[in-house]
Amino acid sequence: MSSLDPTEPQITSTDQETINAPFEGPEKLLEIWFQPPPVVPDEVERHGLRSVPREKWEEMLDIVRCKVLNVIQGKELDAYLLSESSFFIYSYKLILKTCGTTLNLLGLPRILEIAREECGLTSVTKCFYSRKSFMFPERQSGPHRDWKDEVGYLDKLFPGGAAYTVGKMNGDHWLLWLIDSTTVSGSAPPSPLQHRLHMTTTLANQTNGDEQEEEPLDYTLEILMSNLSASSRQNFYFPPPEPTDPEVEQPTTEEMTSSPAEAREKALELSERLGISSIFPASLTQLDAYAFDPCGYSANAVITPKKQSIGEGYWTIHVTPEEGWSYASFECNVPSPPSSDGGDPSYQPSPYPSLHTLIQRVVDIFQPGNISITLFVSNNPPSHNSPIETAQCTFRTALQSKGYKRTDKITYEFSGYDLAFASFKL
């Protein structure tokens, strides 16, 4: 028998459960669009939400229960790398993506307050919330304990939203809540929030009957991967260096923890070695990455096209490599042609990878056993040639050659948006 030394700190059963607990890789994804002011001064380089001091956003992220690791700035957006995923800020829209047991939706009221108090933005035109089915739903808290609770929370803030479950309820599925006031006429009911934030009416109403301007294509691709191969998972472990002299006193755990600079250096080196840094052309990519101790990886990339008219975009990757709950996600809002020729004789070569190539590049890096893909694209105005019609074929051809079998295929048409969803298994 052995006795415990009462002078040493003891790990309780609750502490041990926390240490050994699985990590929830699938993220909660919140996106909010605000109505811009009638006039935006040209001389102001950073306006709207991008003018908000970082400390204000950090206050909101404290509510969500995550921290800022680093920030990179593009011409049109700021990309925050978080301890649990990412936060992207444009002048009049933002995307908050958080994993683990973070309280994503509890940050929403504070986001609306910051937009009103710091920027004078009091009207929301669109709001989206989505996530993959959780691996460990029992570990969630707040409104995230159940999809019905999440929907109820959002409905109280924005009455009139719509909730959907896409895919097999007893298998991999994707959950979506959305409200888009730019596709309906009349006024939406006011929010019960104290600052009286309200959904806007149609853009045509807000421009006093002037001709409605076409919005740029809104495009979001997600590749959600689980059961990563052993060889792929091993890449995302970062063990401390072995001591060269056994006589030297071993460093403490704290001393072995990487500094932020070391964590970024290790992650950027890995990004180069695995081809992550060249998913999009390196000349168009500003990359930020972080290697977690002892395992895990996150990266944000700002994609700046040579043609300013195309607009800046991002991609983001997050990896949980532990066996039993391994998971990796790739999200991108940069539109890609479905194939190298765009399926159109008049197609002009693009500096961006085709959707087919992009899917294969990402899957080759992580070698997952299970994949869910979503492509969510605006269909308003109708002059946009929606890629949804060809997306399902592209998903299949990109993955069949890798040995994957499609297990689910669903196409949705919402008011203002189209969705292609598919699941694959090795």
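Predicted model: local features only at pLDDT ≥ 70, side-chain atom pairs only at ≥ 80, totals over all residues.
**Basis and overall make-up**

Local features are given only where pLDDT is at least 70 and side-chain atom pairs only at pLDDT 80 or more, while totals for chains, interfaces and linings use all residues. Residues are numbered from 1 along each chain as its sequence is written, and side-chain values use heavy atoms, with hydrogens and water left out.

The protein has ten helices and 17 strands. These elements are DSSP runs numbered from the N terminus: helices are H or I with at least four residues, strands are E with at least two. Of the 426 residues, 50% are buried. Buried means under 20% relative accessible area, exposed means over 50%, and partly exposed lies in between, with a 1.4 Å probe and protein chains only. A contact means heavy atoms within 4.5 Å. Among contacts between residues at least 6 apart in sequence, 69% join residues at least 24 apart.

Strand β4 spans residues 85-89, and five of its five residues are buried, so β4 is largely enclosed by the rest of the structure. Two strands pair if DSSP finds at least two bridges between them. Strand β3 (residues 78-82) pairs with β4 in the antiparallel sense, over five bridges. The link from β3 to β4 is a hairpin of two residues.

Strand β5 (residues 93-98) also runs antiparallel to β4, and four bridges join them. Here I89 has L94 of β5 as its bridge partner. A hairpin of three residues leads from β4 to β5.

**Helix α3**

Helix α3 covers residues 108-119. The expected span of a helix is 1.5 Å times one less than its number of residues. For the twelve residues of α3 that gives 16 Å, and the end C-alpha atoms are 16 Å apart, which agrees. The buried residues of α3 include L108, P109, R110, I111, L112, I114 and A115. The buried residues of α3 pack against β1 (28-34), α2 (54-64), β5, β6 (123-132) and α4 (147-157). Just after the helix, G120 takes a positive phi of about 70 degrees.

Pockets and cavities are found on a 1 Å grid over the protein atoms alone. A cavity is a set of points where a 1.4 Å probe fits but cannot get out; a pocket is an open set with protein on both sides within 12 Å along at least five of seven lines; lining residues have an atom within 4 Å of a point. Grid points are joined across faces, edges and corners, and a volume is the space filled by probe spheres set on the points.

The second largest pocket holds about 660 Å³ of space. It is lined by 31 residues, of which F23, E24, E84, G100 and E322 are the closest to its centre. At least two lining residues come from each of α1 (13-20), β12 (297-303) and β13 (313-320). Strand β13 gives the largest share, three residues. By type, the lining of this pocket has 13 nonpolar, eleven polar and seven charged residues. Ala, Val, Leu, Ile, Met, Phe, Trp, Tyr, Cys and Pro count as nonpolar, Asp, Glu, Lys and Arg as charged, and the others, Gly among them, as polar.

T320 lies in strand β13. T320 is buried, at 9% relative accessible area. Beyond its neighbours within four places in sequence, T320 contacts F23, G25, L228, W325, S326 and Y327.

**The two cavities**

The structure holds two cavities of 30 Å³ or more. Their volumes are tabulated here.

| Cavity | Volume |
|---|---|
| Largest cavity | about 140 Å³ |
| Second largest cavity | about 50 Å³ |

Residues lining the largest cavity include L29, E31, F128, Y129, W174, D218 and F376. Two or more lining residues come from each of β1, β6, β8 (173-180), β10 (219-228) and β15 (368-378). The largest share, three residues, is from β6. The lining of the largest cavity divides into six nonpolar, three polar and three charged residues.

The second largest cavity is lined by P26, E27, L29, S130, R131, K132, W174, E222, L224 and Y327. Strand β6 gives the most, with three. By type, five are nonpolar, one is polar and four are charged.
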